[in-house]
Structures are given as C-alpha cells and as structure tokens.
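Have the viewer open while you read.

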Amino acid sequence: MADLKDFAEQLVNLTVKEVNELADILKEEYGIEPAAAAVAVAGPVAGGGDAAEEKTEFDVILKAAGASKLAVVKLVKELTGLGLKEAKEIVDSAPAPVKEGISKDEAEGLKKSLEEAGAEVELK
C-alpha cells in the first residue's frame with residue numbers, strides 16, 4: 001500500500017514536460033492513449049445518451065505575449081519542449097496554438113502558467 005502512495009505522489013509531482021513524456025511512452029511503447037484511458041476510467045455518464053458530450057481535448061492558444069515577451073518565450077520553450085527559435089516563433093505569431101488536443105487539467109495548468117508570465121491565453 002505504501003508503494004502505491006509513493007507512486008501516486010510521484011505522479012502528482014510530475015512537471016508538465018514529464019507528463020507529456022509519460023504520455024508519449026504510454027502511447028508508443030504500450031499502445032495506451034492517455035486521454036482515452038481517462039475517459040474509459042470515468043465510465044459512462046448517468047442518463048445515457050441524452051447527456052451532452054463533455055469536451056475532452058483542448059487547445060491552448062496564445063493570444064498575445066504581453067509586456068514580458070522574453071519570459072513568455074522561455075515559458076513556452078519549457079512547457080512544450082521546443083527549441084528557443086520555435087518557441088519564439090509561436091510567441092511572435094500570436095495568436096497561435098501552444099499545445100493542441102490536451103486534457104482539460106493540463107490545458108488549464110498551461111493557461112495559468114502563461115498568464116502568470118504575463119501572456120494572454122485562450123482555451124478552445
């Protein structure tokens with residue numbers, strides 16, 4: 001039981017970059033789609049097909065870099081794992097997607113981080 005608690009604590013403390021790497025490993029090596037697994041674990045919605053489907057994939061769109069453009073470029077680089085040049089291109093071409101097709105929790109985390117750095121962000 002203690003091992004499971006340690007494992008859970010490790011999962012909770014993963015950075016966004018580490019979560020993305022974990023998702024890639026699960027997908028490539030084990031054929032597990034993390035978003036699909038989360039939906040499968042959640043199970044069907046009570047009420048059957050009458051309930052509207054909840055959106056499971058979100059896009060994080062950088063609308064504007066704000067006053068601290070350099071901090072936003074560095075953060076985009078860190079959050080996406082891209083090189084400095086690619087991160088700068090995303091920030092310079094705003095509005096532009098930072099990440100697409102990610103979970104709601106991850107999207108909200110990215111949005112919060114980018115807004116704290118001074119960027120204007122939108123979730124779609």
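Predicted model: local features only at pLDDT ≥ 70, side-chain atom pairs only at ≥ 80, totals over all residues.

Residues are numbered from 1 along each chain as its sequence is written, and side-chain values use heavy atoms, with hydrogens and water left out.

**The chain overall**

The protein chain has 6 helices and 3 strands, counted as DSSP runs numbered from the N terminus (helices are H or I, at least four residues; strands are E, at least two). In sequence order they run α-α-α-β-α-α-β-α-β. Of its 124 residues, 21% are buried, meaning under 20% relative accessible area with a 1.4 Å probe, protein chains only. The accessible surface (Shrake-Rupley, 1.4 Å probe) is about 8700 Å², and carbon and sulfur atoms hold 55% of that. As for contacts (heavy atoms within 4.5 Å), 67% of those with a separation of 6 or more join residues 24 or more positions apart.

**Helix α4 and its partners**

Helix α4 covers residues 69–80. Here is how its two pairings compare, with axes fitted to C-alpha atoms over the stretch in contact and angles running from 0 to 180 degrees between N-to-C directions.

| Pair | Angle | Axis distance |
|---|---|---|
| α4 and α6 | about 155° | 9 Å |
| α4 and α5 | roughly 125° | within 8 Å |

The angle between α4 and α6 makes the two roughly antiparallel (over 145 degrees). On the α4 side, Val-72, Leu-75, Val-76 and Leu-79 make the contact, and α6 brings Leu-110, Ser-113 and Leu-114. By class that's 6 nonpolar, 1 polar and no charged residues; Ala, Val, Leu, Ile, Met, Phe, Trp, Tyr, Cys and Pro count as nonpolar, Asp, Glu, Lys and Arg as charged, and the others, Gly among them, as polar.

With α5 (residues 84–92), α4 is oblique. Lys-69, Val-72, Val-73, Val-76 and Lys-77 of α4 touch Leu-84, Ala-87, Lys-88, Ile-90, Val-91 and Asp-92 of α5. That contact splits into 7 nonpolar, no polar and 4 charged residues.

Which residues does Glu-106 contact, leaving aside its neighbours within four places in sequence? They are Val-16, Asn-20 and Lys-99. Glu-106 sits in helix α6, residues 104–116, and counts as buried because its relative accessibility is 15%.

Methods. Buried < 20%, exposed > 50% of the residue type's maximum accessible area, 1.4 Å probe, protein only. Parallel < 35°, antiparallel > 145°, perpendicular 65-115°, else oblique.
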